[in-house]
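User: I'd like to learn how to read a protein model by eye. Could you walk me through it, feature by feature?

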Amino acid sequence: MSLSYRTMSADRTPQDDEDMRALLNAAYGDVQPLTRTDRERPPQPLPDATPRQRALDDQAVLRESLEGDPEAHEESAEGVSYRASGLSDSDFRKLRRGAFSIQDCIDLHGFNRDQARAALHAFLAQALDHGHRCIKVIHGKGLRSSAAGPVIKPSVARWLARRNDVLGYASAKPQEGGSGATIVLLRKAR
């Protein structure tokens, strides 16, 4: 015959209840419940003390230093300009006046920094393959950038200044995009 909880509880006597209480009291001994203020809270792990933002900043500085000389280009009230050795004074003046005919254009609006770099390098390779001498890079003015300032505009200037196939660049004239675009003069294909 199998006993179920129901059968056992129905057959219990008051003596059984007293025996259970006695067993329970013997097991607990003189244990007293804690008051609300005496309860010990489990230890909370301390936050990681590693300065993560500093490491990220150091990596950004290293990456910027590897991308080229940030002083290689000039920025003035007229915009940015850069002149590599081999660009004559007269051609540099023409570039700054906007006298060269623009043969191709790329718009980097909506790209993040990595996407913009890849797109610009691919565009420059294509322009050189087609024998283009003067191109326009639209990077925007960075007016909707965070408080840190524009990201793409100064990056484009550094990327262009590092390339051997770039003779020089200057901010576009107002009718061509002003400081939101850069006119680039490429070396002639040999």
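**Reading the fold**

Analyst: Let's start with one residue and its surroundings. Setting aside neighbours within four places in sequence, valine 137 is in contact with Ile106, Leu108, Leu120, Val156, Gly180, Ala181, Thr182 and Val184. Keep in mind that this is a predicted model.

User: Where does valine 137 lie, and is it buried or exposed?

Analyst: Valine 137 lies in strand E4. It counts as buried because its relative accessibility is 0%, and the cut-off for buried is under 20%.

User: Let me step back, then. How many helices and strands does the chain have?

Analyst: There are six helices and six strands. Going along the sequence, the pattern reads α-α-α-β-β-α-β-α-β-α-β-β. Of the contacts with a separation of 6 or more, 66% are between residues 24 or more positions apart.

User: How should I think about a nonpolar core, and which residues of the largest one touch the most other members?

Analyst: The general idea is that in soluble globular proteins, nonpolar side chains tend to be buried together. Here, the largest nonpolar core has 23 residues, and Leu108, Val156, Leu160, Tyr169 and Val184 touch the most other members. At least two residues of this core come from each of E2, helix H5 (113–129), strand E4 (134–138), helix H6 (152–162), E5 and strand E6 (181–186). Another core lies apart from it, with 11 residues, among them Leu87, Leu95, Ala172 and Ala181.

User: What does leucine 160 touch?

Analyst: Not counting residues up to four places away in sequence, leucine 160 touches Leu120, Leu124, Val166, Tyr169, Thr182 and Val184.

User: What span does H2 have, and what comes just after it?

Analyst: H2 covers residues 14–28 and reaches 21 Å from its first C-alpha to its last, close to the 21 Å expected at 1.5 Å a residue. Just after H2, glycine 29 takes a positive phi of about 60 degrees.

User: How do I read aromatic pairs?

Analyst: A pair of aromatic rings is described by the distance of the centres and the angle of the planes. The whole structure holds one such pair. Tyrosine 82 and tyrosine 169 have ring centres 5.3 Å apart and planes at 25 degrees, so the pair is stacked. It links distant parts of the chain, with tyrosine 82 in strand E2 (residues 79–83) and tyrosine 169 in strand E5 (residues 166–171), 87 residues apart.

User: Are those two tyrosines buried or exposed?

Analyst: Tyrosine 82 counts as buried at 13% relative accessibility, and tyrosine 169 is buried at 0%.

User: Last one: how many disulfides are there, and how accessible are cysteine 105 and cysteine 134?

Analyst: A search of the whole structure turns up zero disulfides. Cysteine 105 is partly exposed, at 35% relative accessible area, whereas cysteine 134 counts as buried at 1%.

Note on methods: Residues numbered from 1 in each chain as written. Predicted model: local features only at pLDDT ≥ 70, side-chain atom pairs only at ≥ 80, totals over all residues. Heavy atoms only, no water. Disulfide = S-S within 2.5 Å. Buried < 20%, exposed > 50% of the residue type's maximum accessible area, 1.4 Å probe, protein only. Phe/Tyr/Trp six-rings, centres within 6.5 Å; stacked < 30°, edge-to-face > 60°. Helix = DSSP H or I, 4+ residues; strand = E, 2+ residues; numbered from the N terminus. Expected span 1.5 Å × (residues − 1). Core = buried A, V, L, I, M, F, W, Y, C linked by side-chain atoms within 4.5 Å. Contact = heavy atoms within 4.5 Å.
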